[in-house]
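User: Please take a close look at the aromatic pairs here. Walk me through one part and what surrounds it.

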Amino acid sequence: MKIRLRRVRDGDGPQLARAWLDQAQLYAALDPETFDVPDAAGLGRWLVDGLAEQADPERRLVLVADIDAAAVGFVVAAVVPPHPAPERQMQRRLDARSVRIEALVVRRDHWRRGGGTRLLTAVEDWA
């Protein structure tokens with residue numbers, strides 16, 4: 001089973017929505033006060049449009065994990081610029097640029113098969 005990383009495509013909507021809902025169900029079960037399962041109606045189109053719009057090679061990485069031409073998950077990572085006044089902050093290392101993972105989801109039927117690890121490794125390489 002070969003995991004390929006690529007940009008989001010129009011036909012990815014149903015699979016990405018499934019991954020998003022799988023992750024939401026897990027989080028909602030763990031902490032229902034904080035998390036909820038979103039409405040599935042139109043979710044795939046919303047994800048594809050939003051992910052395609054966010055991709056920016058200089059500031060934001062958006063990748064889809066693909067196995068056998070099916071999207072099994074995705075990651076969104078963003079560059080965080082240095083804080084304008086790091087000397088005034090309590091937290092260390094705000095004087096440096098960093099990368100934040102904003103979303104990482106994998107379809108439940110592909111958990112523990114390497115897709116999430118492959119996506120995270122791609123973020124590390126990009127950073």
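Analyst: The answer below starts with the rings and then moves to the core.

This is a predicted model, where local features need pLDDT of at least 70, side-chain atom pairs count only at pLDDT 80 or more, and totals for chains, interfaces and linings use all residues. Residues are numbered from 1 along each chain as its sequence is written, and side-chain values use heavy atoms, with hydrogens and water left out.

A pair of aromatic rings is described by the distance of the centres and the angle of the planes. Rings of Phe, Tyr and Trp (its six-membered ring) pair if their centres lie within 6.5 Å; planes under 30 degrees apart are stacked, over 60 edge-to-face, and the rest tilted. The whole structure holds two aromatic pairs. One joins tryptophan 20 and phenylalanine 74, stacked at 5.9 Å centre to centre with 15° between the planes. Tryptophan 20 sits in helix α1 and phenylalanine 74 in strand β3 (residues 70-80), so the pair ties together parts 54 residues apart in sequence. Helices (H or I, at least four residues) and strands (E, at least two) are DSSP runs, numbered from the N terminus.

The two partners differ in cover. Tryptophan 20 is partly exposed at 27% relative accessible area. Phenylalanine 74 is buried at 1%. Buried means under 20%, exposed over 50%, partly exposed in between (1.4 Å probe, protein chains only).

Phe74 also belongs to the largest nonpolar core, which has 16 residues. Such a core is a set of buried Ala, Val, Leu, Ile, Met, Phe, Trp, Tyr and Cys residues joined through side-chain atoms within 4.5 Å. Phe74 is among its residues with the most contacts, as are Val8, Leu16 and Val76.
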